[in-house]
Amino acid sequence: MKGNVIITGGNSQLAQCMKSVLSTRGMSFLFDYNYVFTTREELDITEEENIEKFISKYDDVKYIVNCAAYTKVDQAQLESEVCKKINTDGVKNLGMHCKEHDIFLITFGTDYMYGSQRASVPITEGITDFVGPENIYGMTKKDGYFNLCELWPSNEYEKHFLFINTSWLYSEFGDNFVKKIYNAIKNGELRKVVIDQIGTPTYAQNLARFIIDYIELDKKPLLGDEHKSMLNFAGKGIASWYDLAKTVEDIIKENSATESLIQPCLSSEFCTKAYRQHYSPLSTKLLEDKFGADVYTRHWREDVKMCVKNLKLIDEIDEQ
């Protein structure tokens, strides 16, 4: 073994996907690293002493993958200090520990870091598209990134951390939009879904696979100093939340002629605490250029089909 990988937020959607990838590959793939999943009770990233105490139990820690995050976008408007403590201060705490002990940190951003005043083109890596987050969640994620940037010279970022932006994450695990729509359709519930928010749905299983491959790679492609150790990871194609929900329904119903339970509406019809920009797709050109076209991402519709298929299999197993 080359060393240990510590994954924070072990019960999160992404961490559960990493566990799934590791277990399904386990019979046919020999990993170079030992993966250690931790819960918040075991490793609270908001406490510096807790990080040191926990990680000191393990010899030769090479990577920390930070899946711990505050992700309740609307609730963050009411719990800004709690959100900041996890997404901003917690990332800084991890970064300081990694700097002191020469550990590589992988952590995550969001399309919500980018404001609505930017041009209506896909978001690229780096900070040129930052025009000011318009909700607390996005602000805390952006500040977490800049906290890392303060720890090292800009030409050394890639030696020490990778900041992966992702968006509209869904999978068979955790609490996410696709699962909510899947359960609503299964139970015959009517849903109004906004049609005027456009982004890039991302299958968390694909992101989990990429993270593990990135860690296991002996020689990693360099992103280039201009990208500031930031990489976008998202599915191919763009969609509205309505497109995504309707696709889930069509897959479940196999395009039957029954009346749709998914109804389109405008964002103005919902009173939400947090503002959400109307256009925030992530460009994955850098991912494709550096790690190979079509290796990790497919069109989001194909990934949704796979996710719904797996959700049906889970239901069948639970019913037995």
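## A tour around helix H6

Select helices H6 and H10 to begin: their axes come within 11 Å and cross at roughly 60°, where axes are lines fitted to C-alpha atoms, for helices over the stretch in contact, and angles run from 0 to 180 degrees between N-to-C directions. That angle makes H6 oblique to H10, given that angles under 35 degrees count as roughly parallel, over 145 as roughly antiparallel, 65 to 115 as roughly perpendicular and the rest as oblique. H6 passes H10 in a right-handed crossing; a crossing is right-handed if the near helix is turned clockwise from the far one by less than a right angle, and left-handed if anticlockwise.

Before going on, note that this is a predicted model, in which local features need pLDDT of at least 70 and side-chain atom pairs count only at pLDDT 80 or more, while totals for chains, interfaces and linings use all residues. Residues are numbered from 1 along each chain as its sequence is written, and side-chain values use heavy atoms, with hydrogens and water left out. Helices (H or I, at least four residues) and strands (E, at least two) are DSSP runs, numbered from the N terminus.

Now show the side chains of this pair. Val178, Lys179, Tyr182 and Lys186 in H6 meet Cys307, Val308, Leu311, Lys312 and Asp315 in H10, contact being heavy atoms within 4.5 Å. By class, the contact of H6 with H10 has five nonpolar, no polar and four charged residues; Ala, Val, Leu, Ile, Met, Phe, Trp, Tyr, Cys and Pro count as nonpolar, Asp, Glu, Lys and Arg as charged, and the others, Gly among them, as polar.

On the H6 side, select Phe177, Val178, Ile181, Tyr182 and Ile185, which meet Trp241, Leu244, Ala245, Val248, Glu249, Ile252 and Lys253 in H8. The residues of the contact of H6 with H8 divide into 10 nonpolar, no polar and two charged.

Next, colour H6 by accessibility: Val178, Ile181, Tyr182, Ala184 and Ile185 are buried, where buried means under 20% relative accessible area, exposed over 50%, and partly exposed in between (1.4 Å probe, protein chains only). These residues cover an arc of only 165° around the axis, which puts them on the same side of H6; the arc is that of the directions from the helix axis to the C-beta atoms. Their packing partners are strand S6 (169–170), strand S7 (191–194), H8, strand S12 (262–265) and helix H10 (300–319).

Move to helix H7, where Asp213 is found. At 18% relative accessibility Asp213 counts as buried, and Asp213 touches Arg25 and Tyr296, not counting residues up to four places away in sequence. In helix H4 (residues 136–149), select Asp143, which is partly exposed with a relative accessible area of 28%.

Finish in two loops, looking at the backbone. Most residues other than glycine have a negative phi. Asp60, in the loop between helix H2 (48–55) and strand S3 (61–66), has a positive phi near 55° and counts as partly exposed at 43% relative accessibility. Lys228, in the loop between helix H7 (204–216) and strand S10 (230–232), has a positive phi of about 55° although Lys228 is not a glycine, and counts as partly exposed at 27% relative accessibility.
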